[in-house]
Amino acid sequence: MQTIPRLGYPMPAAAEQQLREGRIVEAIRIVQAAQNVRFREAKQLIETFIAGDPLLRRIWEARRDRARQRLRPWFRWTGAAVGAISAYILLRQFH
């Protein structure tokens, strides 16, 4: 059981395992129950723990980057659709 850097709280092994499996919400709930804190405070503890563990930090940075890559095309298409609809509405008003 590692401790959360800069805070000294013990990180439950189950929470650490959940983090390594990609289940951050479950890890937050485990810390919340173990430390008897609110969800937001447990989330901050988890984020601090991730920031202090190089392996977990790399895992979560990679997950974040993959999520961003999947969303980029969606944002492009949404932006193009909004632009096309706006142009259509403007052209109809002046025609």
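Leu55 is found in helix H4 of this predicted model, where helices (H or I, at least four residues) and strands (E, at least two) are DSSP runs numbered from the N terminus. With a relative accessible area of 41%, Leu55 is partly exposed; here buried means under 20% relative accessible area, exposed over 50%, and partly exposed in between, computed with a 1.4 Å probe on protein chains only. The C-alpha atoms of Leu55 and Arg20 lie 9.1 Å apart, although the two residues are separated by 35 residues in sequence. Because the model is predicted, local features need pLDDT of at least 70 and side-chain atom pairs count only at pLDDT 80 or more, whereas totals for chains, interfaces and linings use all residues. Residues are numbered from 1 along each chain as its sequence is written, and side-chain values use heavy atoms, with hydrogens and water left out.

The secondary structure of the protein comes to 4 helices and 0 strands, and the elements run α-α-α-α from the N terminus on. Of its 95 residues, 21% count as buried. Contact is taken to mean heavy atoms within 4.5 Å, and among contacts between residues at least 6 apart in sequence, 42% join residues at least 24 apart.

Two packed helices are described by the angle between their axes and the distance between the axes. In what follows, axes are lines fitted to C-alpha atoms, for helices over the stretch in contact, and angles run from 0 to 180 degrees between N-to-C directions. Angles under 35 degrees count as roughly parallel, over 145 as roughly antiparallel, 65 to 115 as roughly perpendicular and the rest as oblique. The axes of H1 and H2 come within 8 Å and cross at roughly 170 degrees, which means that H1 is roughly antiparallel to H2. In this pair, Ala14, Ala15, Gln18 and Leu19 of H1 meet Ile24, Glu26, Ala27, Ile30 and Val31 of H2. By class, the contact of H1 with H2 has 7 nonpolar, 1 polar and 1 charged residues, where Ala, Val, Leu, Ile, Met, Phe, Trp, Tyr, Cys and Pro count as nonpolar, Asp, Glu, Lys and Arg as charged, and the others, Gly among them, as polar. Gln18, which lies in helix H1, is buried, with a relative accessible area of 18%. Not counting residues up to four places away in sequence, Gln18 touches Arg23, Glu26, Ala27 and Ile30.

Helix H2 also packs against H3, and the axes of these two helices come within 8 Å and cross at roughly 115 degrees. H2 is therefore roughly perpendicular to H3. The contact brings Ile24, Ala27, Ile28, Arg29, Val31, Gln32 and Gln35 of H2 together with Phe39, Ala42, Lys43, Leu45, Ile46 and Ile50 of H3, and its residues comprise 9 nonpolar, 2 polar and 2 charged. Val31, found in helix H2, is buried with a relative accessible area of 0%. Leaving aside neighbours within four places in sequence, Val31 is in contact with Met11, Pro12, Ala15, Asn36, Val37, Ala42, Leu45 and Ile46. The C-alpha atoms of Val31 and Met11, which are 20 residues apart along the chain, are separated by 7.2 Å. Asn36 lies in the loop between H2 and H3 and is exposed, with a relative accessible area of 71%. The phi angle of Asn36 is near 55 degrees, a positive value in a residue other than glycine.

Helix H3 comprises 14 residues (39-52), which at 1.5 Å a residue should span 20 Å, in agreement with end C-alpha atoms that are 20 Å apart; the expected span is 1.5 Å times one less than the number of residues. The buried residues of H3 are Ala42, Leu45, Ile46, Thr48, Phe49 and Ile50, and what covers them includes helix H1 (13-20), helix H2 (24-35) and helix H4 (54-94). The axes of H3 and H4 come within 5 Å and cross at roughly 105 degrees, so the two helices are roughly perpendicular to each other. Their contact is made by Phe49, Ile50, Ala51 and Gly52 of H3 and Pro54, Leu56, Arg57 and Trp60 of H4, residues that divide into 6 nonpolar, 1 polar and 1 charged.
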